[in-house]
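Thanks, everyone, for making the time this morning.

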Amino acid sequence: MIGAVNRPTTPTSIVIIGASGDLARKKLIPALFHLFCNGFLPERFRVVGFARTPLDDESFRQEVAETLTTRFQPEPGECALAVGHFLKRCHYHQGQYTRADDFRTLGRRIEGLAGPRSGLLLYMAIPPDVFLDTARSIRAAGLADEEERPWSRVVIEKPFGRDTASSSELTRALGKIFSENQTYRIDHYLGKEAIQNLLALRFGNRILEPLWNREHIESVEICFSEDIGTQGRAGYFDRFGIIRDVVQNHLLQALALVAMEQPIRLTPGEIAREKDRVLRATRPMNAASTLVGQYEGYRQEPGVPEDSITETFVRTTLHVDTPRWYGVPFEITAGKALAERKTEILVRFRDLPVAFFPGAATNTLRIRIQPDEEIELQLNNKVPGMNMTVTPVGLNMLYQQEFATALPEAYERLLLDVLRGDRSLFIQQEELAAAWEVVTPYLQERERLLKRPPEYPYGCQAPHIFLRSDETPYPGEE
Ligand code: NDP
Ligand code: BG6
């Protein structure tokens with residue numbers, strides 16, 4: 001079926017802890033299936049779902065099949081045929097996260113299925129409050145023991161804690177259970193093609209570096225908007241809010257990659273070191289330069305308390321106090337229930353010292369992370385004709401047009417990295433702590449004041465809501 005490219009060879013068991021949940025269904029199962037279709041999974045592998053929900057192999061396979069065939073249409077041809085082969089390798093083990101015995105029986109099952117010398121990937125697709133108890137059960141059952149098998153790796157989902165103190169406590173407690181080398185803290189934005197490209201764009205091109213600083217850059221905007229609300233995840237979301245959900249992790253990672261210095265080498269340690277330095281140089285969020293909002297109807301959603309003060313929108317200005325960026329605002333916007341789904345980074349260059357041409361606009365570099373990954377450099381160009389007038393035009397690179405291959409899903413890339421033992425795109429302890437330092441003082445202040453954020457209409461334009469009085473809308477928008 002399926003051509004093998006750099007296929008790991010060790011027989012492998014992939015255990016999804018929390019297999020009955022949203023992440024498993026939406027992202028992990030489809031990602032594993034695509035890896036299987038493209039020949040990236042080892043010849044001998046098993047996917048074992050673990051959760052409390054009473055299922056057996058048969059009913060779990062039905063759920064997997066439904067996910068693959070109805071919600072995520074596999075591409076026609078070989079991949080469609082592969083569903084059957086994939087399902088045969090899927091199993092389910094019911095158990096409680098706090099019960100080590102349930103993980104012991106899981107261990108025995110895995111041995112029976114994949115053999116005693118299989119690599120073991122344990123993916124914690126469970127709510128963060130259950131991470132630690134689950135980790136303890138895994139340790140007590142001996143599943144994290146690397147002497148017993150070629151490798152045992154644990155993937156931990158975000159959010160890692162709720163603030164600086166709880167995150168460092170979680171890191172410390174997990175550090176007693178798993179070695180740092182076997183811990184993979186996932187931030188799926190780092191698996192996105194256009195995010196990874198930030199390194200190539202910045203450090204693989206001569207022309208950007210001389211301009212990439214406060215002398216030439218006026219501001220950087222990082223904008224995340226979704227056209228959906230909490231979509232059945234209100235119970236989780238309400239306890240965290242948009243700042244913890246996407247700013248502390250995805251957007252600060254994007255900021256770090258935009259603002260960091262060139263690492264000495266492209267190794268996980270060196271990249272993380274530079275990201276950490278930039279995050280430590282970032283002034284913490286403060287109330288004076290932050291606006292929060294909550295979409296209308298949020299408090300009526302099942303699982304959301306009537307008096308919830310959780311923010312579903314945030315707009316904040318951050319400053320990176322390094323010689324390269326001193327004085328340049330980094331505008332961060334993140335919101336649910338807005339007009340469109342879009343994540344992008346907009347770098348605005350400074351205007352020319354003399355306004356020479358009427359009609360000229362600020363040069364910008366727009367990096368569209370999703371959807372429709374794109375890089376667009378906006379330059380001023382003469383309008384063809386007898387007059388010397390200029391107009392801004394975009395030089396575009398659309399991934400879809402430029403590259404024939406479909407872009408891998410972030411979770412595909414990251415799961416493969418775990419199988420290969422490559423931690424480059426996973427979050428290291430120091431940068432995690434530094435990112436929490438940026439958001440924690442503001443979060444604590446909000447929780448102390450207990451102020452309900454103003455409401456905004458479901459589906460409105462992100463830059464328009466809470467526009468400060470001294471601002472104009474983004475170019476091209478009303
Ligand atoms: P779910 O709420 O769907 O929970 C996953 C499973 O965990 C459930 O099916 C349930 O399984 C079990 N579970 C739920 N609540 C509890 C509880 N209070 N105590 C014990 N077990 C519980 O979560 P998601 O799948 O949405 O997310 C899992 C992890 O992934 C979280 O850390 C989340 O932050 C992260 N994440 C999720 C994303 C998504 O799109 N869903 C995206 C990025 C990260 P059972 O009852 O069968 O045991
Ligand atoms: C997750 C957040 O980390 O990222 C979700 O928990 C959010 O709330 C999601 O919807 C966005 O991911 P993507 O890949 O769809 O941009």
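Before I come to the ligand, a word on naming: a helix here is a DSSP run of H or I with at least four residues, and helices are numbered from the N terminus. Please also keep in mind that what you see is a predicted model.

Let me begin with ligand 1, which has 20 residues around it, and among these Gly21, Leu23, Ala51, Arg52 and Thr53 come nearest. Helix α1, covering residues 22-37, supplies the largest share of that shell, with 4 residues. Sorted by class, the shell around ligand 1 holds 10 nonpolar, 4 polar and 6 charged residues.

Turning to the interior, in soluble globular proteins nonpolar side chains tend to be buried together. Here the largest nonpolar core has 117 residues, and the members that touch the most others are Ile16 and Tyr123. The greatest contribution to this core is made by helix α8, residues 234-259, which gives 12 residues. As for Tyr123, if we do not count residues up to four places away in sequence, it touches Ile14, Val15, Ile16, Ile17, Leu28 and Val155.

Is His250 buried or exposed? It counts as buried, because it has 22 C-beta neighbours inside 10 Å, and the cut-off for being buried is 20 or more. Leaving aside neighbours within four places in sequence, His250 is in contact with Asp187, Tyr189 and Phe224.

Methods:
Residues numbered from 1 in each chain as written. Chains lettered and ligands numbered in written order. Predicted model: local features only at pLDDT ≥ 70, side-chain atom pairs only at ≥ 80, totals over all residues. Core = buried A, V, L, I, M, F, W, Y, C linked by C-beta atoms within 7 Å. Buried ≥ 20, exposed ≤ 12 C-beta atoms within 10 Å, placed from the backbone. Helix = DSSP H or I, 4+ residues; strand = E, 2+ residues; numbered from the N terminus. Contact = placed C-beta atoms within 7 Å. Near = placed C-beta within 6 Å. Nonpolar A, V, L, I, M, F, W, Y, C, P; charged D, E, K, R; others polar.
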